[in-house]
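Me: Please take a close look at the charged side-chain pairs in this model, and then at the ring pairs. Keep it plain, and give the cut-offs as you go.

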Amino acid sequence: GYETAAVLFNGRPHLFYSDFSNGDLRHASWNGVAWGFATLDGHQNGPNGQRDASVGGDPSAVLSGGRPNVFYYDGSNHRLRRGNWTATGWAFTDFDGHRNHASGQVLRPTGWDSSVLSASGLPHIFYFQQSDGYLRHAFLG
């Protein structure tokens, strides 16, 4: 349970944390009777965007569109990643640090120490760009 983030989804707690020894992003949720645990990302390359890499560092979580979103650091590839709950389950993507793009993404090591908040129902993510020492701000809209 290293570096933990939490949200309430459907009135129940959902926790996201780094499994430091295995390099995975883990998820714990309470169903009203017992806790359930799962590895979300880091243990395999999967069809929903999972990556076989050391991920899960510095997680931050927020509800967006009424669903959980978690942002976390990919230590193997030095990127900020996003996991979001969809109608069909979890989906994972590289969020920043993987390409230069007109929307402001950079091809540089970035993603440490993320913090996220909701403004007008949209997530705003703040995180550190290690290569240049910048604080970055991104938002979904």
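Reply: A salt bridge here is a side-chain nitrogen of Lys or Arg within 4 Å of a carboxyl oxygen of Asp or Glu. The model is predicted, so local features need pLDDT of at least 70 and side-chain atom pairs count only at pLDDT 80 or more, while totals for chains, interfaces and linings use all residues. Residues are numbered from 1 along each chain as its sequence is written, and side-chain values use heavy atoms, with hydrogens and water left out.

By that rule, the whole structure holds seven salt bridges. One of them joins Arg51 to Asp74, with 3.5 Å between the closest N and O atoms. Arg51 sits in the loop between strand S4 (35-41) and strand S5 (55-64), and Asp74 is in strand S6 (residues 67-74), so the pair links distant parts of the chain, 23 residues apart. Strands are DSSP runs (E, at least two residues), numbered from the N terminus. Asp74 has 0% relative accessibility and counts as buried, where buried means under 20% relative accessible area, exposed over 50% and partly exposed in between (1.4 Å probe, protein chains only).

Arg51 also meets Asp94 in a salt bridge, at 2.9 Å from N to O. This pair spans 43 residues, from the S4-S5 loop to Asp94 in strand S8 (residues 89-96). Asp94 is buried, at 17% relative accessibility. Asp94 has a further salt bridge with Arg79, at 3.0 Å from N to O. Arg79 belongs to strand S7 (residues 79-86) and lies 15 residues from Asp94. Both Asp94 and Arg79 are buried. Through shared partners, salt bridges join Asp41, Arg51, Asp74, Arg79, Arg81 and Asp94 into one network.

Now the rings. Rings of Phe, Tyr and Trp (its six-membered ring) pair if their centres lie within 6.5 Å; planes under 30 degrees apart are stacked, over 60 edge-to-face, and the rest tilted. The count is seven aromatic pairs. Among them, Phe16 and Trp90 are edge-to-face, with centres 5.7 Å apart and 85° between the planes. Phe16 is in strand S2 (residues 12-19) and Trp90 in strand S8, so this pair ties together parts 74 residues apart in sequence. Phe16 is buried at 0% relative accessibility, and Trp90 is buried with a relative accessible area of 14%.

Trp112 and Phe128 are stacked, at 6.2 Å centre to centre and 15° between the planes. Trp112 lies in strand S9 (residues 112-119) and Phe128 in strand S10 (residues 122-129). Trp112 is partly exposed at 36% relative accessible area, and Phe128 is partly exposed at 28%. Phe16 and Trp90 also belong to one aromatic cluster with Trp85 and Phe92.

Terms used
Helices (H or I, at least four residues) and strands (E, at least two) are DSSP runs, numbered from the N terminus.
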